Amino acid sequence: MNVEVLRDLIKKCDIYFEDQLISGELLLRVFTDFLSEEADRQENKGSIILHTASPCFDAIAVAWSALAVIAGNGADVESIIRMLQPGERVLCGKERGEFIGIETDENGKEWAVIRQGKSSIRKIGRKGWSGIIPYYGNSTRCDGRGIRRGNRVREEFLSVLLNCDKKDIPSITDASVIIVMDRSKADRYMNGLMLKTGNTGIRIQDLVTASYFSEENEYHYGGNAGKNEAMLKFTSKLSVGLDMTWNEDGNEYLGMFVCGNSLIERGITEIPQVMNRENIGFSFISGCMDLPCAENLLTDHEEAGVFACTKEFLLEHTLPPVNRNAFALELALQADAVIDHEIHTTVLPGAADWKNYRDFKKAVCNIKRDELSDEERAYIIPNAYSLLSLFMTAPFYISEMEDAVNNRKIRVEQPHDRLEELERRLAALPVNLAETAERVGDLLETLYYTVYDTSPKREYLKEYIRKHYGHKIAVVIPKAYYADILWNYVLTGYDLEKSKIEIVTVNRFDGNRNYDYILVIGNLKGKHFDIFHCMSAAEITVLMYEAENMVFRLAERKSQSREHLFNSRQRVSDDSAEDIAENVSNDDVEEIDRVDDEIAVYADEIVESKFDTVIRGERENGTVPLTDVSVLIRFDDGEGAMLSRHYEAYVLNDEKGEVEKKKVDSLKIGDSLIFLNRDDDTRDIVDYVLKELIREKRISPETVQDYEMSRRWKNDLTEYMKETGHSPKRIADAMKANGVRVQKASVINWLDDDAHIVAPQTVESLEQIALLTNDTDMFDHVNEYFDACRRIRKVRKNILKELGTAIIRQLEGQETSGTLIPPEIRKRLDTLAVVLRIENIVQTERSEPSYLTNRPLDLEGGF
């Protein structure tokens, strides 16, 4: 790729995102220059981007990639036409046609000959060859049906941008960029980006062809009538993106982006392959400043280029907004939050000083390392740690928590019950652990009675809210049920909807949201919240007791070291470091920090061992069908669930007051999952409601017919596979042989009831199923069947929305109403459906009995 040409194109273009000019801001211009400089390196060593979480960075990356494929194109109009083979299909104007070949007349003039319709022959001279586009769609019709009227805006835009004649602009390019990004974001950027040069503008999807790729299918974005190879290839699976780079056919891959903290962390083991790919020109790993693995990435890839929005970097590369639109102002606000970042620590007097806190954690670690039974260790260690965390972080009285449990305002075990059971088990430990056990029990008992009806954090929180009321405040807590207690007992004078107060857990904190003030209830850390790199507010207050403060200071020193690393790698001067004096040795604090890490790893091991115990007997039965499990979930009431790879969970969204579907890899700690108390006939709560509506004739005959049509393809395919014994791979191969892009995993997903698939995503796939299963009615009316499936998806979405409202109202003790969910179902939602909140998520790869997956399991009964 000629980077100088790319730089020239960028200089000529203004980049608009959702109708707002973003490319004029200094920080984004510096970012664009960084992308070009890294792409100009002789060898790909990878590049690491750590930005402020503004969507402008990903928007610029997508726009830059579009211009990169224009600059990196090696194909010209003539070579594209001369590479066509007789019989290949093309688009010419707004019609499909068949390329016959190139003829030379008696004057030596060359003509491209195209057959359109049954007998129409069209000859096009070389000046018109740019209007001939290779067609790789599935349609065999050589007419204009289904083809959008030709849009000449691309030729006009590129003729101005490239300073050339329209006839010299090729319809396609031979270059592509891979972008690993959540699909919702990819959709937003492809729909919202526009480039302008002078008075000429163009939407990004009219400029370049683009597609989103799942493991099974390709979904074309608009502007690609010829279904040509995508210039921008989006996927949310890093493995899918890497597989593309191994494909030697088709376009040249200029480079690759991996965008988003969650995608980077999810694919962390594959990141080295991205950074070291020799057959691509560049690779960018782009996340936010709070990316947990950022320091390791920089350490592991010493030659990688670095763009990091540290305080020192932003001081050098930010100016007041040039365009005072929403995106520019948000970007400036985020930059100011970093530059003016202030972390205030408030250390309150508490019952546990540093010595008692340190000795407690050492004692728990000694118990963990002793040769006890798995059952005893698995109970004592997490419960001891959990109770300590509760007593140290609670911004409420423990008596208020116990009242909330008694009145069913929260669903957790009573603290005093847990403490009594823990003390009983500690007392039963061997003699060699008697002193250790006593130390653990004594501190927890002391803390329990200390915070039973007094809480310095509670009083500080109330005063903090009073002082800052009217401003947008985030209160960061460790557990979701803290919010229920706070609203019911501590902040009773404030309106949850109107107060501008958000109470959010560390694991559900959204770094893209902006606040005036953030109050953190303890030395909290999580995958989605880093106190030191949080850019959601300029002022953050951390509320701690003495013991928490000691560990916090260690984290602060580590954060400073991390910041120095970022600055040194991007050659930014940094002389702001100050040594922090401590009253205890660093070794002392670091030892406790290592103990915390060891216990955290052990907690995941405990979750896995509980599942192993529950299913030990079942796994040995070879006759039980197995399902691939990718996630182990532990809920806050002690139950658990093994979720299969293609499972789509129903998650309660309290803010929207509705239920939404989430894929397994999108679930977060704190999410509330809805399960139906079900049998084999009611595996899907939405389908159950829909069947009840049909049975009781509460829904229109047209919808009943749509439902029957939407089920037909799946019934056909299931029966066909039973009769023939064909595997999902064989089904996929048969469909691919007919020109439909389908993978084995797609067929498996279609037939998995827990994936809640209404229909395949394309008409062509549905048509192929009808062909394979010899369903002539569905084959002849495939578009009608596809439309019926689309309407059923809409009905299901409406049921989900009403179901969410009903469950939320029920949890709040209010009466529910609606038009879809039958009254008798609404009345017994408390027995029909169970709502469970996620406490732990453990990634895994294992195969388990199918009937035990995607449903709540009693983990405590396993021992």
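This is a predicted model: local features need pLDDT of at least 70, side-chain atom pairs count only at pLDDT 80 or more; totals for chains, interfaces and linings use all residues.
Colleague: What about contacts, say the share from residues 24 or more positions apart?

Modeller: Taking the contacts in the chain with a separation of 6 or more, 73% of them are accounted for by residues 24 or more positions apart.

Colleague: Let's pick a helix. What span should α17 have, and how far apart are its end C-alpha atoms?

Modeller: Helix α17 covers residues 415–427, and at 1.5 Å a residue its 13 residues should span 18 Å, which agrees with the 18 Å between its end C-alpha atoms.

Colleague: Which residues of α17 are buried?

Modeller: The buried residues of α17 are P415, R418, L419, L422, R425 and L426, and seen down the axis of α17 they fall within an arc of 130°, so they line one face of the helix.

Colleague: Switching topic, how do α25 and α27 cross?

Modeller: Helix α25 (residues 728–737) and helix α27 (residues 763–773) have axes that come within 10 Å and cross at roughly 110°. Angles of 65 to 115 degrees count as roughly perpendicular, and α25 and α27 are therefore roughly perpendicular to each other.

Colleague: Which residues make the contact?

Modeller: On the α25 side the contact is made by I731, A734 and M735, and on the α27 side by S765, Q768, I769 and L772.

Colleague: Now a strand residue: is S286 buried or exposed?

Modeller: S286, which has its place in strand β16 (residues 282–288), is buried, with a relative accessible area of 3%.

Colleague: What is S286 in contact with, leaving aside its neighbours within four places in sequence?

Modeller: With those neighbours left aside, S286 is in contact with I49, H51, D58, V258, C259, G260 and I264.

Colleague: On to backbone angles: which residues have a positive phi although they are not glycine?

Modeller: Among them are D19, with a positive phi of about 70°, and K697, with a positive phi of about 55°. For background, most residues other than glycine have a negative phi.

Colleague: Where are D19 and K697 found, and are they buried or exposed?

Modeller: D19 is found in the loop between β1 (14–17) and β2 (20–21) and counts as exposed at 69% relative accessibility. K697 is found in the loop between α23 (685–695) and α24 (701–724) and also counts as exposed, at 75% relative accessibility.

Colleague: Last one, where does G470 lie, and how far is G470 from K498?

Modeller: G470 lies in the loop between α19 (456–468) and β19 (473–477), where G470 is partly exposed, with a relative accessible area of 37%. G470 and K498 are 28 residues apart in sequence, and 9.5 Å apart in space from C-alpha to C-alpha.

Terms used
Residues are numbered from 1 along each chain as its sequence is written. Side-chain values use heavy atoms; hydrogens and water are left out. Contact means heavy atoms within 4.5 Å. Helices (H or I, at least four residues) and strands (E, at least two) are DSSP runs, numbered from the N terminus. The expected span of a helix is 1.5 Å times one less than its number of residues. Buried means under 20% relative accessible area, exposed over 50%, partly exposed in between (1.4 Å probe, protein chains only). The arc is that of the directions from the helix axis to the C-beta atoms. Axes are lines fitted to C-alpha atoms, for helices over the stretch in contact, and angles run from 0 to 180 degrees between N-to-C directions. Angles under 35 degrees count as roughly parallel, over 145 as roughly antiparallel, 65 to 115 as roughly perpendicular and the rest as oblique.
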